[in-house]
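Reader: I would like to go through this model and ask what stands behind each label. Please set the values against the cut-offs as we go.

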Amino acid sequence: MQKVVDIIVTVFLLAAGVAFWPFGDSALCRITAVVSLLIFVGRVVKSLFGEGRKDESVGDAPAGMHRFLTKQSIWIKKCCEQTYAKSKMAVYLWGGGPMVALVIIGFLAQYPAQHVFTFHAPIGLLFGEVLTVITWPLLCAQGNWKKIIKSLQKNVMKLFPTDEAREGYFADYFDTDDHYTLVSKDSDDTTYTITVGKIYWSSIWQSGVINVVFAPQVEHIEIFKEVIVVRINRVRTYTTHYVAEFFDRNENPKKRPIARFSFVSRESLNAFLTLVSERTEKKIPVEDLGTKKI
């Protein structure tokens, strides 16, 4: 479906360039035709030569790190592709929307058809094309899964500075079967994976953020619903997620959490707590703090 839409957009750009070019007495039509044809040529060249041979590897890394990154790249790459596809459709709508809107406005205002097609249509399309060209680099960045993998690698290095510590984490991670792995989805996209190992519990987000808890260190867990309130021009926006905070048994339990995991739903949080309960034989108490507003 996505390829069909891409072909339609490419053909439309060619048709727009050919349609507006004959109106040489209108600088607006000529400029729109040139821009449309340039974008058309760029899309054709990229489709023929721009993809090249894709490198699916995660790059050079020690054996344990390479194995870990390769496993994460499978679902992170899929997430990036899904996000890229959805965002591309939105960008296409931004590109064609202004032209459609201005053409409708022109006819509703009862302008002559020639005026609508030589002024409203080209100025709307030109505006949409400029907007698309500006936003396209941001769109491409969403599909750059390798950049996320590099970020994940750096974050793992920060959490485990020594080779010995990293290999210990990787050994526990790969020794954990799928039963103790939670995959959460936001709509159709994987948002994060959580693994409840014997020694380490880890939360890996599709953005490359990783949080790790050393399980023997946990004294108790506090959970709550976190509501973030953002106020812009008297309009309040609410963002809700669910949090589990872990407290150290070797310090004052109420002093500070040693780590925290975020969840997109209460169901995901409950599923995680179930895995923890199974893994620890219900030895770690869980306290529900209700709702916190920030």
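Author: The questions below take up helices, single residues, cores and a pocket. Note that the model is predicted.

Reader: How do you know that the length of α1 agrees with that of a helix?

Author: Helix α1 covers residues 2–20, which is 19 residues. The expected span is 1.5 Å times one less than the number of residues. That gives 27 Å for α1, and its end C-alpha atoms are 27 Å apart, so the two agree.

Reader: What makes one side of α1 the buried side?

Author: Val5, Asp6, Thr10, Leu13, Ala16, Gly17 and Phe20 are the buried residues of α1. Viewed down the helix axis, they fall within an arc of 140 degrees, so they line one face. An α-helix has 3.6 residues a turn, so residues three or four places apart point the same way.

Reader: Which exposed residues sit on the face of α1 turned away from the buried side?

Author: Lys3, Ile7, Ile8 and Val18 are carried there. Exposed means over 50% relative accessible area.

Reader: How do you know that α7 passes the length check too?

Author: Helix α7 has 15 residues. At 1.5 Å a residue they should span 21 Å, and the end C-alpha atoms are 21 Å apart, so this helix agrees as well.

Reader: Which residues of α7 are buried, and what makes them a face?

Author: They are Ser268, Leu269, Phe272, Leu273, Leu275, Val276 and Thr280. Their arc down the axis of α7 is within 160 degrees, so they line one face of the helix.

Reader: What stands out about the backbone just after α7?

Author: Glu281 takes a positive phi of about 55 degrees there, although it is not a glycine. Lys282 also has a positive phi, of about 60 degrees, and is not a glycine either. Glu281 lies in the loop between α7 and β8, and Lys282 is in the loop between α7 and β8 too.

Reader: Why are Glu281 and Lys282 called exposed?

Author: The cut-off is over 50% relative accessible area. Glu281 has 58%, so it counts as exposed. Lys282 has 71%, so the word applies to Lys282 as well.

Reader: What makes a nonpolar core here, and which residues touch the most other members of the largest one?

Author: Core members are buried and joined through side-chain atoms within 4.5 Å. The largest nonpolar core has 23 residues, and Trp201, Ile221, Phe246, Phe263 and Phe272 touch the most other members. Elements giving two or more residues to this core are β2, β5, β6, β7 and α7. Helix α7 gives the most, with five. A second, separate core has 21 residues, including Met65, Val156, Phe170 and Val212.

Reader: What lines the second largest pocket?

Author: Among its lining residues are Lys71, Trp75, Tyr173, Asp178 and Val183. The lining divides into three nonpolar, six polar and two charged residues. Helix α3 and strands β1 and β2 each supply at least two lining residues. About 190 Å³ of space lies in this pocket.

Note on methods
Residues are numbered from 1 along each chain as its sequence is written. This is a predicted model: local features need pLDDT of at least 70, side-chain atom pairs count only at pLDDT 80 or more; totals for chains, interfaces and linings use all residues. Side-chain values use heavy atoms; hydrogens and water are left out. On a 1 Å grid over the protein atoms alone, a cavity is a set of points where a 1.4 Å probe fits but cannot get out, and a pocket is an open set with protein on both sides within 12 Å along at least five of seven lines; lining residues have an atom within 4 Å of a point. Grid points are joined across faces, edges and corners, and a volume is the space filled by probe spheres set on the points. Helices (H or I, at least four residues) and strands (E, at least two) are DSSP runs, numbered from the N terminus. Ala, Val, Leu, Ile, Met, Phe, Trp, Tyr, Cys and Pro count as nonpolar, Asp, Glu, Lys and Arg as charged, and the others, Gly among them, as polar. Buried means under 20% relative accessible area, exposed over 50%, partly exposed in between (1.4 Å probe, protein chains only). The arc is that of the directions from the helix axis to the C-beta atoms.
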